[in-house]
Protein chains: 4
Amino acid sequence: MIYEKADILTIGAGAGAYPGAFRLAKAGKKVIMIDTKGVMSGNCLAEGCVPSKALRQAASLYKYIKKSHLFGLKANVDFDYKSIIAYKDNVQKLRYKQHDQELNEALPNLRLIKGKASFLDEHNVFVQSDDKELKITADSIIIASGAKPFILPIEGNNYCMTSSDIYKLKPTLDYLPKSMVILGAGYIALETATMFNQLGVKVTVIQRSARILTEMDERFALKLQSMFNPSIKIELNTKLIKIQKDSTGYSVFYEQNNTQKNVVGEIVMMALGREPVIPEGSKALGLEITKKGIMSNAAMQTNIKHIYSSGDINGKSMLFHSATRQSLVAAHNILAGNVPIDYMDYSCVPNSIFTFPEAAFVGILPSVAKINGIDIMETSFDLAYDAKSQILNEDVGEIRQFYDSKSGKLIGAWVIGEEASSIIGELGVMIQLGATVKDVANYANQHPSVAEGISKAARKLL
Amino acid sequence: MIYEKADILTIGAGAGAYPGAFRLAKAGKKVIMIDTKGVMSGNCLAEGCVPSKALRQAASLYKYIKKSHLFGLKANVDFDYKSIIAYKDNVQKLRYKQHDQELNEALPNLRLIKGKASFLDEHNVFVQSDDKELKITADSIIIASGAKPFILPIEGNNYCMTSSDIYKLKPTLDYLPKSMVILGAGYIALETATMFNQLGVKVTVIQRSARILTEMDERFALKLQSMFNPSIKIELNTKLIKIQKDSTGYSVFYEQNNTQKNVVGEIVMMALGREPVIPEGSKALGLEITKKGIMSNAAMQTNIKHIYSSGDINGKSMLFHSATRQSLVAAHNILAGNVPIDYMDYSCVPNSIFTFPEAAFVGILPSVAKINGIDIMETSFDLAYDAKSQILNEDVGEIRQFYDSKSGKLIGAWVIGEEASSIIGELGVMIQLGATVKDVANYANQHPSVAEGISKAARKLL
Amino acid sequence: MIYEKADILTIGAGAGAYPGAFRLAKAGKKVIMIDTKGVMSGNCLAEGCVPSKALRQAASLYKYIKKSHLFGLKANVDFDYKSIIAYKDNVQKLRYKQHDQELNEALPNLRLIKGKASFLDEHNVFVQSDDKELKITADSIIIASGAKPFILPIEGNNYCMTSSDIYKLKPTLDYLPKSMVILGAGYIALETATMFNQLGVKVTVIQRSARILTEMDERFALKLQSMFNPSIKIELNTKLIKIQKDSTGYSVFYEQNNTQKNVVGEIVMMALGREPVIPEGSKALGLEITKKGIMSNAAMQTNIKHIYSSGDINGKSMLFHSATRQSLVAAHNILAGNVPIDYMDYSCVPNSIFTFPEAAFVGILPSVAKINGIDIMETSFDLAYDAKSQILNEDVGEIRQFYDSKSGKLIGAWVIGEEASSIIGELGVMIQLGATVKDVANYANQHPSVAEGISKAARKLL
Amino acid sequence: MIYEKADILTIGAGAGAYPGAFRLAKAGKKVIMIDTKGVMSGNCLAEGCVPSKALRQAASLYKYIKKSHLFGLKANVDFDYKSIIAYKDNVQKLRYKQHDQELNEALPNLRLIKGKASFLDEHNVFVQSDDKELKITADSIIIASGAKPFILPIEGNNYCMTSSDIYKLKPTLDYLPKSMVILGAGYIALETATMFNQLGVKVTVIQRSARILTEMDERFALKLQSMFNPSIKIELNTKLIKIQKDSTGYSVFYEQNNTQKNVVGEIVMMALGREPVIPEGSKALGLEITKKGIMSNAAMQTNIKHIYSSGDINGKSMLFHSATRQSLVAAHNILAGNVPIDYMDYSCVPNSIFTFPEAAFVGILPSVAKINGIDIMETSFDLAYDAKSQILNEDVGEIRQFYDSKSGKLIGAWVIGEEASSIIGELGVMIQLGATVKDVANYANQHPSVAEGISKAARKLL
C-alpha cells in the first residue's frame, strides 16, 4: 500500500474534474485525478459527444455531397464505414494526445492515476490500480465519476449494443449494418437513429412513452420529430418484452396497443438513459444520494462541504460543457476554503440534439413555464425564410423564443435546423445577461447567418 | 405629373428602408418606397452579400468534397461554373419572390414605385419613372439610396468588372476565368479573391496601401492574411497606372518600389471601395453631406429632423444588418413624431469577412483602443485545439477578445476560422449587454461547437 | 352638445395618463385629458403620496428634533397641527402650479377638460362638464380613471374619515386628535398610524386578518411590524360590527376571539383598501373587467386594442411611479399604431411603505417564490452594524436579498429602515438588469451610506 | 526578535486590508495585519469619512431645525460644539468596538499586531512594535498602508491643523472657532468649509488653481460651487506665501493677481491633498512606485505578483468603499494562488462630496469623455421640480447623465442635492450592468424619492 497526500483529489478525470483540476494546479495546489480509464476525458471523448459528432459530420458531408448538384457541383460519393471509423478514431486520438500534452505541462502539480477509487472516510480514498494499491489523503475531493448507459434487465439484453459499442475507439460496431433497432428515444437514441438513417441504414426506434425525448419540452420534441426523415420508423407506447437472436440479426419483441409485435434488426442498440456511477463508500460517508446521483448545491458542494459532486454524477445537467463549468465552480470554491465564492448558473446552459436536423434549446420552455406559473410571450421565425438556410438549401427549421411577460426578459428558446448548436449560445448568453425582448430585437445579427432569425423573431413582438 | 401624398417616403427599397417601411405600414402609416431597380432589396440581394455568399457556399462545399477522404468518404467532384451561377441566381430569385410576397401582403399601406427620386424641397420629391412623372409629398422621408462601387478615373477602367458584374443576377462573368487580377484589398476584393482561388482561379490582388483591409484593425488584417492560401498573390504598396487589353485578357500596370510592373489576368475586377449615391437635390436642401455620405445622428436623423439617412448612404456601418436596424430606428422615431424614441447602437454590430478562412469582428479592436486611450486586457483561444474545428478538419483560426481593463467589460473581439460569422453574434451580444470577463468565462458554451473557444479564451484570464 | 375630435383621449389626468399624454403631444398628436377634478394629477397629489409624505416629513423632523441631543444639539420643539397642514398644502399647491405650467406649455396639442367621461362606443366618449356636454371622438383611448377608498357597508361608516379627509388640500382633519382608530392594516392604514403615533396621537389599528399588510410577503410584514413603536395597538383577527358616535368621539365595535370588544377614538379612519373607478359604459363595450379593475396586458392594451388601461384602474401595481411608466408604455404603443412597441416590466417596480420605520421591497419575496417553486438563496445585512445608520442614530432595520439559486440572479429584496425608499431603487435596477449575486457583491457602494449594506449582504454569500 | 509565519500579511488594517483579511481567514488562511495605530480601520474611521459625516449630520440637523418652521414646526436650537464632538466620538467608539468584536470572532485565523512594518525581502517583513520586534514570513502580502495629509513645506505650516486634528477621536479642534481659513479646495477642504459655515463659522478657502476640485470634472465643480452658501469666501489663483501667528489667530499670506494679500482666521486648516505612506523597504524590493503610490493592476497585484497594493496606497481611487472592494479582489486572487480570478471595476465607483449641498458622481464625465474622444448624449433633471426635494424644502440640485452616443449606454452621471450620496449607487449600478438610455428611462423609480429624477432625466431623451 502506497500512501499519498494531495490538496485535492478528483474521482474521475472527465469534464466534471479536469478543468477544475487544472485551475487548482495553476494556483499551486497538488492535485491527483483517479480515473478507471487512465486517461483524461470522460464519456464525452471516449464514447460520447466527440466521436458521435465526428460520425455525424461524415454523415452530414455525405448528405451535402449527395445534394451537391443543388449548389451547381457535379459529384458522386461512396464510403466504406471502416474509413469513417478511422476518421472518427483519428479525431479521438488527436484529442487524447492533446490532453496528454496538457497533462504533461501541468506536472508535477497535477497527476493522473489509473485506478478505481473508493471512499475510506471523508478525507481518505483507496485506489485499486492495475498493479498497486494506494491510500490517498486529500483536503478536498471532487466526485466526478460520471454516468454509464442504463441496462434494462430484460431477456436478451446481452445482444444489445450500447452507445459505447458504437462510438468508442475501435468500436464494436465497425461495419455498416443494413438495419438497426434502437431501444429508447432519448437524444442519444435519436442522434444515432438519424445519423445511421442518413448513411442508408433502415432504423426502427422503440419507445416506451407516448412521445420521444420525454425529458424535454413536449412541443419541442414533437416539432423536431416532425422534421425527421419519415423513413425512420418510431414506435411509441411500447413495452419491451425480450430480444432474441435471429438468422439475420436480432428480433425485438414488444407490446403495443395490447398486441405483441416484433421487429428485426441486424443490430440492436439499447439507449434507455444513463445512470450515475457512484464510488464505493459514498453511501457510508452519509452523502446524499438519489436516483439521479450524488446531490450537490449551486456551489457544487455535497452535504459534506469539502466534498463536491460535479458533472454527470449529480444528474443536474448531464452535458460536457455544463460539467466543465461545474468543475471550475468546485475548484473556485475549494480555493476559497470550501466557503463558496462561485455558483453554477443552470438557467442558461445550452442543450443541443445532434440529430438530422440539428436542434438545440436553452432555458425555460413552455412545459416548465406552465408548471411554474410563468406567463410567457412567444415568438418565432421560420427558417424557410432565412437567407443563410436558403443558401444552404436547408430550409426546414425554426427559432422560437419565450419571454416572461411580467419582466419582458428572455427565459427560454429553441432552434431547430442547420447550425442550431452554433447559434444557441447567443440565445443562452441573452438569458444569462438578462436580455429583454427589446434587447434581442435591437441586436443587429450578422447577415446572412442563421442567427439573423434571432432578432427577426423578437422584432415580431415590437 | 401625378401627385401623391404619403405619410412616409423612402428613397431606396433596400435594407436601409424596407424593414422600417414595413414597421410603419404595420402601424397604419401610408408608405411609399421609390427604388431605381423597382424591386425590394438593395445591393445586398442584387449584387452583394446574398449572391456572393451563395457562390462562396458552392466553393466551400467544393473544398469539403475535395477533402472528403479526410472524413472517410470517397468522392470526386467537378463543376461547370454556369451551374454554380444557376444555383446563385436561384437563391436570389427565391428571395426576390419572397420579398414580392411580403410586399403584396403589406398593400395598400406600403407601395413600391420604380423610379429615380430627387428632392424638390423638404417634403416634396420628384420621381422619374419609366413611363410617368410623380410628385410625392411626405411628412417624413428616409434616404436609403445606398452606395455603389467607386470607379477610379484611370486609363482602362472600362475594362474592369465590378462586384456587380460578378454577383448580379445573370452576371457578366458567367464563366470561370483562368486568372483574375483584383484591384483593391478591401473585404469585397478579398472575398472574391479567396473564393475564386478555391475554385482554381489564379488570383492576384493589387493594393495601394501597405496592408490589406485598411479600414479594419491592423493585427486582425495581418492575422487573417497569414491564413490565406499562399497561392493568392498580394501586391502591396502599389500605385495603379493603367489597364490595357491583352491577347489573353488584360494587363494591369502599377508601380511598386519605384519600379513599374504589370500583371495579366483573364479578367480584372475593380474593388476600390464604395461611394454613396446622393439623391439629386439633397445638397440644395442643406443636408449635411460628407465624402462618406449624408450624415445622420444616432436617431438616424439628418440635420433636418424629419429626414433620415439610413444604411450605406450615411457611411457609418455599411452592412445589411446594420442598415436593417437603422431603418427600424428611423421608423420608430418617425412614429414618435420625429422626437427620438430609439437610437442605433453601433458598438456591437458584427462585421464578417467571408473569405477563406472566414473571419469576423465586433466592437473595439486594439488599434482603436490605442487611439482612444483605452487600456485593454487581451486573451485568445487557438482553434487548432478546438474539438469542433478538429472534427471539421479545419483547425486554423482563433478567437480573440479585448476587455477594458478599467471595467473588465468585453469591448471587442474577433474570430477567424470556420463558423466565424455564426458565432460572432454571441460575442456582439456580450458587448451589447455589458458582459465582463467573468460573465464570458462563466458561460457554458455548447460542446462541441466553435463557440466553446469563447468561454475558453476568457477562462485564461481567471 | 359640442363635438370634438382628438387623436388620443385619456379618461383621468393622473399618473396613469399625463406622462403618456405629454409624450403623445410632444410627438405632435392632439390629446385631450378628461378629469373629474379638473386638474392634472390623480390621487397621488390630491390625497395620496405627496401630502402624506409631506406630513410624514414633518413628523420625521419632529422625531429628529426630539432626539437632537443625541447629535450634540440643544433644541426644543412644538407644533400646531394647522401649521403642518399649511406646509403640506403648500407642497401640494406648488406641485399643482408646476403641473399647470407644464400643461400650459403643452398647449394646444394637449388640453385638460374637467368633466365626467362615459363611453358611447369604442371611439366616442360623452363628457358631462359643469356647464356643458361634449362628445369626443378619439383614435385611441387611455383609461386611467384610478381608484378610490373602498367603503365597507357597515353601520356607522358615515362617521369614518378616509385617507382623502386626512390628506387632501384643506383636509377635513385639520386638528390633531388625541386618539385615532384605524380600520384596516394595509400600507395606507399603517403609514397614517405610525405617523400620527409619532406626533403623539394614541392609535389603535383594527385588522380583519391574522396579520398586517396581507397583500405583502408575510415575513416582510412581520419583520416590519416588530419594529413599530409598541405604543401602537394592533388588533388582529377581528370582525367589524359597527361604529357608533360617542361622547368623546367614536366607538368601534368588533369581534375578536368570539368576544365582542370596542375601542374608542376621537376619530375613526377607514382604510380597507381601494377599488377601481370604472367609467360608465365600459362594460357595454365588452372590456374585460374584474374585481381588480379593467384588465390590460403588458402592452397596457385592454382586450380592445386601441383602448388602454393604465395605472390604478387595472389593479396590477397601484403605485404612482408604476402608473407613470404604464402611461408611457401606452403612449409608445399608440404611436406605434396600437401594435405594441413597448412593454411594462412589473418585475422590478419598487414598493415603499412610508411608516416609521420606513420599509420598501421589490421583486419576488419568499412567499411568492414558494408558490412558484423557485428555490432561493437568501442573505441579509443588519443595519445596526451600518455606519450611516449609526450616524443617524437609527440603527434598527435590515437589507434582505433573495437570489434564484438556479441562476444566481437577484429576484427580490427588501429594506427596512431609514432611507429604505431612497435605496430600494438600486436593488430594483439590479433586478431589472439581471444582476447576479457576484454583481451585487462586487459593486462598491458609497461609504457611509445605507446602500453599503446592499453589497455587504451579497458578500456574505461569497 | 520573534519569528512568525503567516499565509498572508497585510501592512495596514484599514479598508484596503481588513475586508480581504476577513475573507482569507474565513477560507482558513492564517492572516496577520500590522497597523501602526493598533486598531482595525484606517483613516476613514480614525479621521475621515465616519467622523466628518457625523459632524456633518449634526450640522445638517442644525440646519433643518433652523428651518423647521417651513415644515410647520416651532423649534429653537443651540449647541455646544463639545457636545457635537461627543456625539462624533461616540459614533467612532461604537464602530471601533464593533470592529474589535469582529476581530475577536475571527481569532485565531486573523490577528492584528500594532507596529510599524518594513520590508526585509519579498516574503519577510520586520515589525517594530512598542515593546517587541518581530520578523514575519508570509506567502502573500497586501500593502494597504494608506495615505496621509500632504504638508506643504512653507513657513508657518506648523500652525496649521489638518483634517486629522479636526476629525480624530478627541480632536485638537474641540471648540467652535469664529473663523477659519482653509488652504486647498479639494473635497476634504470643501466638506470642512461648508460644514463649519453651516455651524456659523466664517470660512475662507484659499486655492492655488483657477477653480475648486481640480481633480474632478470642471463643469461638475463649477455647478457645485454655484450652490454653495455665498458667505463662504473662495480665493482662487493664489500662491501661498506663509502663515503667521496673529493676535486673534493666524494670518495667511498669499499672492493673487500679482498682489500680496492676507486673510486672518482663528484657525487655519491645511487640506492640500494626501500622499501615500510607502512602507520602508518597498523601493529596495523593486516595487513600481510613482508619486501616486505603489502601483497595482486591475487584479491589485504589484509588479511582484504575490505582493498586492490596495486602497489609498495605490492612489487609483482613494475611497473607503473602493479600498474595501480592492482588498477583496486581492484576497480572491491570493486564494487563487496569485493567478488572478478577480478584477477591480473602477468604471462605476461612486464618489460623493459631503458638502452643503451634497454632491456625487460616477463614471466618465464630460472632461474625460472629451479627452478620450467619446461623443456623449447628455440629459438632466432639475431637482427644483422634484417632489421629494420640494417636500424636504431642498429644491436646489440636479441629476445629470452622460451616455455614449455610439452605444447608448450610460457612462457617467452626477447628482447634486440632498440624498446625492444615497442615490448615486443606483446610477453606478446602471453603469456596472451596462444600462442604455432606454433601460434608465424604463425603470419606474419610487415616488416620491430623489431617485425619480434619474428616470425623468433619461425620459427626456426618448
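**Notebook: chain copies, an interface and some salt bridges**

I began with symmetry: chain C superposes on chain A by a rotation of 180 degrees with 0.0 Å of shift along its axis, at an RMSD of 0.0 Å (least squares on the C-alpha atoms of residues with pLDDT of at least 70 in both copies). That is the relation of a two-fold axis. The same surface serves both copies, since 100% of the contact residues of chain C recur in chain A (contact means heavy atoms within 4.5 Å).

Housekeeping for myself: this is a predicted model, so local features need pLDDT of at least 70 and side-chain atom pairs count only at pLDDT 80 or more, while totals for chains, interfaces and linings use all residues. Residues are numbered from 1 along each chain as its sequence is written, chains are lettered from A and ligands numbered from 1 in the order in which they are written, and side-chain values use heavy atoms, with hydrogens and water left out.

**Chain A against chain B**

I looked up the contact next, and it takes 81 residues from chain A and 81 residues from chain B. The two chains bury about 6500 Å² between them, 61% of it on carbon and sulfur atoms (the accessible area, 1.4 Å probe, that two parts lose on being put together, summed over both). A:Tyr443, A:Gln446 and A:His447 supply 10% of the area that chain A buries against chain B, more than any other three residues.

How many salt bridges cross the interface of chain A and chain B? The rule finds zero (a side-chain nitrogen of Lys or Arg within 4 Å of a carboxyl oxygen of Asp or Glu). It does find 29 residue pairs in polar contact there, both at pLDDT 80 or more (a pair of N or O atoms within 3.5 Å; within protein, one must be able to donate a hydrogen and the other to accept it, and residues adjacent in sequence count only if both atoms are side-chain atoms).

**Salt bridges in chain D**

Over all chains the count comes to 82 salt bridges. I picked out D:Arg56 and D:Glu358, whose side chains meet at 3.8 Å, N to O. D:Arg56 sits in helix α3 (residues 49-66) and D:Glu358 in the loop between β20 (351-353) and β21 (359-363), 302 residues apart (helices, H or I of at least four residues, and strands, E of at least two, are DSSP runs numbered from the N terminus). Both D:Arg56 and D:Glu358 are buried (under 20% relative accessible area, with exposed over 50% and partly exposed in between; 1.4 Å probe, protein chains only).

**Strand β23 of chain A**

Here I found a network of salt bridges linking A:Arg219, A:Lys223, A:Glu378, A:Glu398 and A:Arg400. Seven of the seven residues of β23 (residues 398-404) are buried, so the strand is largely enclosed by the rest of the structure. A:Glu398, A:Arg400, A:Phe402 and A:Asp404 point one way from β23(A), and A:Ile399, A:Gln401 and A:Tyr403 the other way.

I then checked the neighbours: seven bridges join β22 (residues 376-382) to β23(A), running antiparallel (strands pair if DSSP finds at least two bridges between them). Six bridges join β23(A) to β24 (residues 410-416), also antiparallel, and A:Arg400 stands opposite A:Trp414 in β24(A). β23(A) and β24(A) form a hairpin with five residues between them, and A:Gly408 in the turn has a positive phi of about 75 degrees.
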